[in-house]
Amino acid sequence: MSERTETPRPESDVVGAVLADVAGDTVAEAAPGAEPEDAAIRAHTSGSRANLELLFVALAGLVVSLSQSILVPVLPQLDVEYGTGATWMLTATLLVAAVAVPVMGRLGDMFGKRRILLVCLVLLTVGSLIDAVGDSLGILIVGRAVQGIGMAIIPLGISLLATLMPREKVGSSVALISAMLGIGGSLGLPLAGFVAENWDWHILMWISAAASFVALVGIWRVVPESRQRTGGRLDLPGTALLSAGLVCLILPLEEASSWGWDSPWVWSLLAASAILLGLLAAIELRTAEPLVDLRALARKPIIMTNLASICFGFALFASFIGTATFVSMDPDVFPPGERAYGFSSGAFVAGLTMLPSGLMMLLFAPIAARLIARRGAPQTLALGALVVAAGWIVRILLTGHLWEIVVGACVIGVGTGIGYAAMPTLINTNTPAHEIAAANGLNTLFRSLGSTLATAIGSSLLASLAFSLGGTDIPRLSGYQWLFGLCAIAGVLAAALVLTVPNRPPGSPSH
């Protein structure tokens, strides 16, 4: 099979063209609801060309996933330099990502998935450069907020490859990009730990900027645009309501451990979130071109997949916060009567304990694609969820040796790789082709909500089951075991949810 022979469209001013599109100057290439055929692109894509396209999109997904986790090991250093406000470097990224993911997904469906993907990569590169050269806390928070827009890269990459890859490569390609959410986090922890112990943390941002730029150039030069786009205009009232509702939901969950669950700010913001999202639902149901298609979102397979995604996001992020801090603890500081744990590991070794988990996700993503073809996405996702639950049971029972922690993390990584690979197949199979970028964006948002819940519940649980030592609260071993138990329950619940979804072959038409 030959390489593509079609003449590439000139795109010397990619970002300018996209901004013009978003402003409403684009002539839609297909009417809303149409499903243009990308068969010609598939037919002229050789195996080597497809692998190259996958390489650059996967690199983009890896970089944005890394950007979400690389500051976690250096937070102690940031606290020393900038005080407690340094945590806003994480919170700003999370808040902006929550808003950007569904919005950019919708824009991808409207104006071209590759085009919006390139915009996200430009902003990820710019945000990384701001933090690479920035020195004041305000500037650093701005840079991290700009980076947060890049989180839309993964759902955009999933939906783009689903339309462009040769059919025999669609399953494995989509599985790999989806699993990058976990793989990048597992790789980012040891990388950041190594840098934190040897150099200035700004190097991490230079690495992020360089890798983002390579992915940007690679996708611009190699990956074509999908012909599936609807045109139209962005639903601005829906965007405003969704943005405000998500900020009011995520901010108190993220800050509950420091504000306290009895803070009036926590419950006031959560109440405001409920009102805003309820108003969003009422308006979107009456909007011709809504930002969030609630009728599509209400399909049983989509609802169950997104609820299972929350459970997976909870279990995965709890693995990050419940492993690095666990192995870093000095067992010699525990007084008599308290069960000791930990291995006095530095940031680098603590991060290395998560590296095998990331490799398992990478290894099992293509295996999951074959399982999906044979057993269906619901059963594959349920299998992954049960493996995750088994991994957490290992973590509860085995705590005395570092290799036991690594084994437990690896089992969780296997389950996460399988589960994350199956999620986009369930979404794509039950979503019209002209809405898959928005649908995958919302699915990514639900995974992030699970991570936010893990932060809120995990931090509060560990704080409530802690003892004081020299003015510092030290979580008890029982606190971690309760957290791990919640993660195991989340895995079982995810399996139960998706097993209610009828099995449909990938690629079957949606209704």
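This is a predicted model: local features need pLDDT of at least 70, side-chain atom pairs count only at pLDDT 80 or more; totals for chains, interfaces and linings use all residues.
Local features need pLDDT of at least 70 and side-chain atom pairs count only at pLDDT 80 or more, whereas totals for chains, interfaces and linings use all residues. Residues are numbered from 1 along each chain as its sequence is written, and side-chain values use heavy atoms, with hydrogens and water left out.

**View 1. Helix α10, residues 202–222.** Helices (H or I, at least four residues) and strands (E, at least two) are DSSP runs numbered from the N terminus. The 21 residues of α10 reach 30 Å from first to last C-alpha, close to the expected 30 Å (1.5 Å times one less than the number of residues). Its buried residues include H202, L204, M205, L216, I219 and V222; buried means under 20% relative accessible area, exposed over 50%, and partly exposed in between (1.4 Å probe, protein chains only).

**View 2. The salt bridge between R49 and E53.** Two salt bridges are found in a search of the whole structure, each a side-chain nitrogen of Lys or Arg within 4 Å of a carboxyl oxygen of Asp or Glu. The N to O distance between R49 and E53 is 3.5 Å. Both residues belong to helix α3 (residues 47–69) and lie four residues apart, about one turn of the helix. R49 is partly exposed at 21% relative accessible area, while E53 is buried at 0%.

**View 3. The salt bridge between R476 and E338.** Here the N to O distance is 3.0 Å. The pair links distant parts of the chain, 138 residues apart: R476 lies in the loop between β2 (472–475) and α21 (477–498), and E338 in the loop between α15 (324–328) and α16 (347–352). R476 is partly exposed at 28% relative accessibility, and E338 is partly exposed at 22%.
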